[in-house]
Amino acid sequence: MQATFLLGFLSVLGSGSPFSSTRGVHSSKKLEETKVVFEKLANYIGRNISFLIDNKANPHVFRLQKDRVYYVSESIANFATSVSRDRLISLGTCLGKFTKTGKFRLHITALTYLAQYAKYKVWIKPNGEMPFLYGNHVLKAHIGRMSDDIPEHAGVIVFSMHDVPLGFGVSAKSTTEAKNLQPTAIVAFRQGDIGEYLREEDTLFT
């Protein structure tokens, strides 16, 4: 269902895709990059991706600069055109980065939007916060609660019990299967956490 939605969405966007590049690329290349980014985002926010793309009150666009994808208000993006490509360091919120093999990796800086439009959520107990923020996976013993219908290998947003977004990951088991796991079993594989702002402060924005 999600794949069908994305394909239909991309076909409607066509050459008018909001995903643009500050480097000269062929339209088919741009469309492929758009598909890769949207598929990754949809894994975490599902159909809510439409809220990012079609924000009539405050229009935003996607921009690709030096392999990094930024989500930025249209007005700021227009101002940025006055800066030469080689001098433009960043603009808006960095959602992630393309690897040399063409894969797209979400960055922790995308958490604000992922959390706002999250499809599946996991809440961890206070005793599980520090292990997670040090880069560890989420264990069954640390689960406070989780969305009822999480399937296996789905994107999940990790929250504290006070609804503070802590990071994101991929479910190791479905919600139903997780109920029967041992306390030391992994429920979600960590993909990013806010502890990175300290652990990787020297490389996070380079």
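**Helix 6**

Helices are DSSP runs of H or I, at least four residues, and strands are runs of E, at least two, numbered from the N terminus.

Which residues of helix 6 are buried? I found G128, F132 and L133 (buried means under 20%). They cover an arc of only 125 degrees around the axis, so they sit on the same side of helix 6. The arc is taken from the directions from the helix axis to the C-beta atoms.

I then checked what covers them: the cover includes strand 6 (121–124), strand 9 (155–160) and helix 8 (196–199). After helix 6 comes G135, with a positive phi near 95 degrees.

**H60**

I found H60 in strand 2 (residues 60–65). Buried or exposed? H60 counts as buried because its relative accessibility is 12%. A polar atom of its side chain lies 2.7 Å from the backbone oxygen of N58. Leaving out residues up to four places away in sequence, H60 touches residues including L52, Y71 and Y113 (contact: heavy atoms within 4.5 Å).

**Confidence**

I checked pLDDT, the predictor's confidence in each residue, from 0 to 100. The protein's mean is 87, and 86% of its residues reach 70 or more. Over residues 3–17 the pLDDT is below 50. Where pLDDT is low, the predicted coordinates should not be read in detail.

**Ground rules**

Residues are numbered from 1 along each chain as its sequence is written. Local features need pLDDT of at least 70, side-chain atom pairs 80 or more, and totals for chains, interfaces and linings use all residues, while side-chain values use heavy atoms, without hydrogens and water.

Key:
Buried < 20%, exposed > 50% of the residue type's maximum accessible area, 1.4 Å probe, protein only. Polar contact = N/O pair within 3.5 Å; in protein donor to acceptor, adjacent residues only side chain to side chain.
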